[in-house]
Amino acid sequence: MHKADLLRALPRARRNIAARAAAKDPAVIAVAKQYGEMYWDGPREYGYGGYRDDGRWRPVARDVISHFALRPGMRVLDVGCGKGFLIKALMLELPGLDVFGIDISLYALRRCPEDIAGRVVRGCADSLPFPDGSFDCVLSLNTIHNLARPRAVRAMAEIQRLSGGRAFVQVDSYLTPAQREIFESWVLTAEFHDYPDGWLRVFTEAGYGGDYDWTIIG
Ligand SMILES: C[S@@+](CC[C@H](N)C(=O)[O-])C[C@H]1O[C@@H](n2cnc3c(N)ncnc32)[C@H](O)[C@@H]1O
């Protein structure tokens, strides 16, 4: 298990923490957790505030390909693939790579690029409908914290089961109480979050042997 900064190429997200904190209430959170139109393409208070492919996933895809020494013919799964932008980027960067995705959001899956529509399926990260060892690499970016802790453990075990540990998972975390406070003002959908040592306990309980990193705001 190694820390690996595979999202280093992404531009820093613009976040108005004060505006989000002011707008956040249980009704907004409930809408965000439906992962529907409001979460993806509604006002920023509800989620992404409009999520389009602006090319930012191409350099991330190059870093993933190089980190895992991926080759044409290998099979990759993106757990929590959203609108499928990383799937598309991986297949453009390495023609012949066989990339698939799974996500809970029907809204997002229906807005995947047309040429990958047959590669995505609706499902939940804690019950992945694929046989043991069926992927050469499994990725999951900013998704597993959306499950409560026992289900997050199951999801990590599922990722291990499919990948044999050739995997990368990034989740929300914080290093200081001040960062935790900022995170808690911002967060809408996370069901579980913790300092890195708390996440590492989740990984160990799940028998996860893959790589990981933290998304830290502030
Ligand atoms: C912050 S978005 C990240 C999307 C994408 N991985 C990215 O980095 O752009 C969180 C994603 O988790 C998905 N999600 C939430 N709960 C899930 C679950 N239980 N199983 C699978 N996907 C889930 C959401 O639909 C959404 O696509």
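Reader: Around the ligand, how many residues of the shell are nonpolar, polar and charged?
Author: This is a predicted model, where local features need pLDDT of at least 70, side-chain atom pairs count only at pLDDT 80 or more, and totals for chains, interfaces and linings use all residues. Residues are numbered from 1 along each chain as its sequence is written, and side-chain values use heavy atoms, leaving out hydrogens and water. Nonpolar means Ala, Val, Leu, Ile, Met, Phe, Trp, Tyr, Cys and Pro, charged means Asp, Glu, Lys and Arg, and the others, Gly among them, are polar. The shell has 11 nonpolar, seven polar and one charged residues.

Reader: Which residue has a polar side-chain atom 2.6 Å from an oxygen atom of the ligand?
Author: A polar contact is a pair of N or O atoms within 3.5 Å. A backbone N or O atom of G80 lies 2.7 Å from a nitrogen atom of the ligand. The side-chain atom at 2.6 Å from a ligand oxygen belongs to D103.

Reader: Which residues of helix 9 are exposed?
Author: Helix 9 spans residues 196-206 (helices are DSSP runs of H or I, at least four residues). Its buried residues (under 20% relative accessible area with a 1.4 Å probe, protein chains only) are P196, G198, W199, V202, F203 and A206. They cover an arc of only 165° around the axis (taken from the directions from the helix axis to the C-beta atoms), so they sit on the same side of helix 9. On the other side, the exposed ones (over 50%) are T204 and E205.

Methods: Polar contact = N/O pair within 3.5 Å; in protein donor to acceptor, adjacent residues only side chain to side chain. Helix = DSSP H or I, 4+ residues; strand = E, 2+ residues; numbered from the N terminus.
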